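This report concerns a single protein model and is intended to be read beside its sequence and coordinates.

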Amino acid sequence: MQTEIRRYYQRGGETSRLGAGNGRWEFLRTWDLLGRVLPPGPLSILDVGGATGVYAGPLAAAGHAVHVVDPMPEHVAAASELPGVTAAVGDARRLAEPDASRDVVLLFGPLYHLVDRADRLAAWGEAARVVRPGGLVLAATISRYATLVDGYAKGFADDPAFARMMDGALATGVHRNPDEVPNWFTTAYFHQPDELPVEVAEAGLELDRIAAIEGPLWTVRQLPEILADEQRTARALTLMREVEGVPHLWGASSHLLTVARRAGS
């Protein structure tokens, strides 16, 4: 893990990032997708890049056996304290897991920070090796246009340093924050949607679906108010289910979820 990425996560933001605002919407939408995509359990789930266990904990509470692998010892320590969750330090490109040993592999983080394509393909390939025939690999990626949309939504775009960072991400997909400005994220790769089917195929997996996670709602300033109201939240979730698979909207979402399957049964 690159030094600036490690420093970013050592600030502890993963312990609360998905608890409010845009992060809360990301969590609710991801959890909604998991509920519809995962087969009946109990399942053996490998959560690669699972951080502090924000998804591992609820998955374990739902009856699944969940093991988190993360490069940050601090994350592993926090995840391992969750009931029903085990955790270990590891690398998505070289998993210490037997072949065909898991029903589901989650890649909710590794593909963000592997800026070299060969490394991303290695992470996909390891997930494909570890999942059993017929099992699922679920991968979260950040949209190529996330910095652009976020910059204008939050008023950062007029800052010359942010504008340079935004231009670089749009041109190459590589997002770099050399001054490590808080709230500007850290070194990452932002995917074009059409890259995902190619990566899935090169890993020897079969593409099941791609879905927008937040969709365009992550830019709505009233989002915290919507999420504070149970009925409005339910309505927003219902509407997003209807449009999550529309390719025309994928670039407007901060994150995409790719669902792939290993052939066989």
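The sections below treat helix packing, strand pairing and backbone geometry.

## Basis of the model

The model is predicted, and local features need pLDDT of at least 70, side-chain atom pairs count only at pLDDT 80 or more, and totals for chains, interfaces and linings use all residues. Residues are numbered from 1 along each chain as its sequence is written, and side-chain values use heavy atoms, with hydrogens and water left out.

Helices (H or I, at least four residues) and strands (E, at least two) are DSSP runs, numbered from the N terminus.

## Packing of α2 and α11

Helix α2 (residues 21–37) and helix α11 (residues 230–243) have axes that come within 11 Å and cross at roughly 60°. Axes are lines fitted to C-alpha atoms, for helices over the stretch in contact, and angles run from 0 to 180 degrees between N-to-C directions. α2 and α11 are therefore oblique to each other; angles under 35 degrees count as roughly parallel, over 145 as roughly antiparallel, 65 to 115 as roughly perpendicular and the rest as oblique. The crossing of α2 past α11 is right-handed, a term used if the near helix is turned clockwise from the far one by less than a right angle, anticlockwise being left-handed.

On the α2 side, the contact (heavy atoms within 4.5 Å) involves Trp25, Leu28, Arg29, Asp32 and Arg36, which meet Thr233, Ala236, Leu237, Met240 and Arg241 in α11. By class, the contact of α2 with α11 has five nonpolar, one polar and four charged residues. Ala, Val, Leu, Ile, Met, Phe, Trp, Tyr, Cys and Pro count as nonpolar, Asp, Glu, Lys and Arg as charged, and the others, Gly among them, as polar.

## Packing of α7 and α8

Helix α7 (residues 146–154) packs against helix α8 (residues 160–172) at an angle of about 150°, and their axes are 8 Å apart. That angle makes α7 roughly antiparallel to α8. Thr147, Leu148, Gly151 and Tyr152 of α7 make the contact with Phe162, Met165, Met166, Ala169 and Leu170 of α8.

## Strand pairing

Strands β2 (residues 65–70) and β3 (residues 85–89) run parallel and are joined by five bridges; two strands pair if DSSP finds at least two bridges between them. Val85 in β3 is the bridge partner of Val66.

## Backbone geometry

Most residues other than glycine have a negative phi, and most peptide bonds are trans. Gly41 and Pro42 are joined by a cis peptide bond, with omega about 5°; Pro42 is in the loop between α2 and β1 (44–48). Ala100, in the loop between β3 and β4 (102–107), has a positive phi near 50°.
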